[in-house]
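Student: I have a structure to go through with you. Can we test each label against its cut-off?

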Amino acid sequence: MSTWLSGRDVARLLRAHLPDAVEEEADDCLAVYPGALLDTCRHLQRELAIDYLNNLTAVDYLDYIEVVYHLSSLERNHLLTIKVRCYDREHAEVPSLTPLWQGADLQEREVYDLFGVVFAGHPNLKRLLMWEGFLGHPLRKDFVMPPFPQPPGSPVRKRGEELGLD
Amino acid sequence: MASTSGVPAAQAGLPFSQAGEPVLVNIGPQHPSTHGVLRLRALLDGEVIIDLEPVFGYLHSSMEKLAELRTYTQAITLTDRMDYLAAMSNNLAACLAIEKLADIPVPERALYLRLIMVELQRIASHCMFLGTYPNECGAWSTPWMYSFRDREKILDMFEMCCGQRLTYNYIRPGGVAQDVPPEFAIALRVFLKDMPSRVAEYEELLVENEILIARSKHIGILSREQAINASASGPVLRGSGVLWDIRKADPYLIYDRYDFDVPVGEIGDCWDRFWVRMEEIKESLRILHQCFEEFVELPPGPYRTPVDWVFHPPAGREIYSRIESPRGELGYYLVSDGGANPYRFRVRGPSQINLTALKDMTVGHKVADAIAILGSIDIVMGEVDR
């Protein structure tokens, strides 16, 4: 069975070397400041043999956008969740993990595309799934979906006209 | 098939084909070997690839956004459409994550049914690979005909259980949609009896196949360190010599009760990835043999915990759950805000992330090898673009 590392244990380990890295600690995860992310990951690679980036994604909590990293150690069969919070929605920026893990490449591009988080230091930061020139970031919670185009004369359109909607 | 555009203008009046300048070639998006719509922007020097970039998004259907607008039960339907060659595995991964999120127990009988289904699905998916890969390497359609014969039998069994052949929606939160009919056990027994000789037939046909060996040995080598660094998973990771299978490392369902081996490649070339899949079919059969013997002895019992169509997992809870799908680590990251639909529904598609190292595997090889390398990763575009 894989073991999930406790965020509190890892935070204790980190504090000895990077006193200002940890933003918040919990039993199942650990939030670090964006500026300390790369140093934290390097330290984890050295101390806890964390060698594999399982998953990289983001969640929009409206107050902030949280980038979530699921890391693991294939050697020791450990798993760990690390989070980085961006409070500035307009200029969300997190350092890229591509210098440490090539596996971050496509996943960071996807988060940039769908959440608008800029990964500083990424070698090829372009939209991955949506086309260039697409406005907005679809997985943000404040993204307004464009109305589905209805053909003229369709029941939905007629009903909309009755209700005075455009 | 492919369009060309010369990069800078030809020098000194020479046509650019004689000037020795690199040429940019778009392979795809409509290309028979990409199994969907993937575009490879390849920069060529003569026939040798000097740079390559995959371009995604042609099949993007925003599954994650759609799932966030639906209830948990409705979202299962979407997971079928991602990796459509392994829809059972997708159903299972999503259901395991939802069950952990909402504390839904699963009855014993459902565990057996699920394991039988996903292992059959693994064989079906690898049969697809065994058919298409030699095809891409120039061994034409014979292996395809052979392997589809056996894949067909598995699809028939799935059809008995849920009426569908491709998008099953069979595994549901709390168990499975319905119990299997009596004829399923008969069909499975016949399949398990016949299949070992069929696998031997494939081996005879393919393992010493000169075309296949010439096209895949020492092509597209992915080293052990690089495979780990690029987050490769599944047969791509194991082909590079990493002994890592989530069924062993982080057992889910009842895999820890059964005895099976994890095949591992040596140098990480296309041949190793091919060989690992061939061996995995045998290991899946081993698991199925053991599981089926226990399954037929099981007394009839509930196959599903009664769950409301709409349920509300506790607010603030989040889960990352993963399984070993035929293509690699299939992870689901779900966040609940206490509502009826997931606040965040992230799918870690192994096909997409396995493509990260495509450039490093391809550069330095010829154009035809790029097709063989892409084929050996075994991608499904529905999962790459989601």
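The dialogue below takes the labels one at a time.

Tutor: Keep in mind that this is a predicted model. Start with one residue, A:Gln102, in the loop between strand E7 (93-95) and helix H3 (104-115) of chain A.

Student: Why does A:Gln102 count as buried?

Tutor: The cut-off is 20 or more other C-beta atoms within 10 Å. A:Gln102 has 21 C-beta neighbours inside 10 Å, so it counts as buried.

Student: Which residues does A:Gln102 touch, leaving out those up to four places away in sequence?

Tutor: A:Gln102 touches B:Asn229, B:Ala230, B:Thr356 and B:Ala357. Contact here means C-beta atoms within 7 Å.

Student: How many residues make up the contact between chain B and chain A?

Tutor: On chain B there are 29, in contact with 26 residues of chain A. Five elements of chain B each supply at least two residues of that side: helix H2 (63-68), helix H9 (224-229), strand E8 (328-335), strand E9 (344-348) and helix H13 (350-354). E8(B) gives the largest share, four residues. By class, this side of chain B has 13 nonpolar, eight polar and eight charged residues.

Student: Back to chain A. What makes H3(A) largely enclosed?

Tutor: Count its buried residues. They come to 12 of 12, so H3(A) is largely enclosed by the rest of the structure. Among them are A:Leu106, A:Val111 and A:Phe115, but also A:Asp105, A:Glu108 and A:Arg109.

Student: What do the buried residues of H3(A) pack against?

Tutor: In chain A, strand E4 (52-60), strand E5 (65-73) and strand E8 (118-120); in chain B, H13.

Student: How do you know that the span of H3(A) is close to the expected one?

Tutor: H3(A) has 12 residues, and 1.5 Å a residue gives an expected 16 Å. From first C-alpha to last, the helix reaches 15 Å. After the helix comes A:Gly116, with a positive phi near 75°.

Student: What makes E4(A) and E5(A) a pair?

Tutor: Pairing needs at least two bridges. E4(A) and E5(A) are joined by eight, and they run antiparallel. A:Thr57 has A:Val68 of E5(A) as its bridge partner. The two strands form a hairpin with four residues between them, and A:Leu62 in the turn has a positive phi of about 70°.

Student: Which strand pairs with E5(A) over nine bridges?

Tutor: Strand E6 (residues 78-86) of chain A, again in the antiparallel sense. A:Val67 stands opposite A:Val84 in E6(A). This hairpin too has four residues between the strands, and A:Asn77 takes a positive phi near 60°.

Student: Why is E5(A) called mostly covered?

Tutor: Eight of its nine residues are buried.

Student: Why is helix H15 (residues 367-377) of chain B largely enclosed?

Tutor: Nine of its 11 residues are buried, so the rest of the structure largely encloses it. The buried residues include B:Asp369, B:Ile373 and B:Ile377. B:Asp378 follows H15(B), with a positive phi near 60°.

Note on methods
Residues are numbered from 1 along each chain as its sequence is written. Chains are lettered from A and ligands numbered from 1 in the order in which they are written. This is a predicted model: local features need pLDDT of at least 70, side-chain atom pairs count only at pLDDT 80 or more; totals for chains, interfaces and linings use all residues. Two residues are in contact if their C-beta atoms, placed from the backbone, lie within 7 Å. Ala, Val, Leu, Ile, Met, Phe, Trp, Tyr, Cys and Pro count as nonpolar, Asp, Glu, Lys and Arg as charged, and the others, Gly among them, as polar. The expected span of a helix is 1.5 Å times one less than its number of residues.
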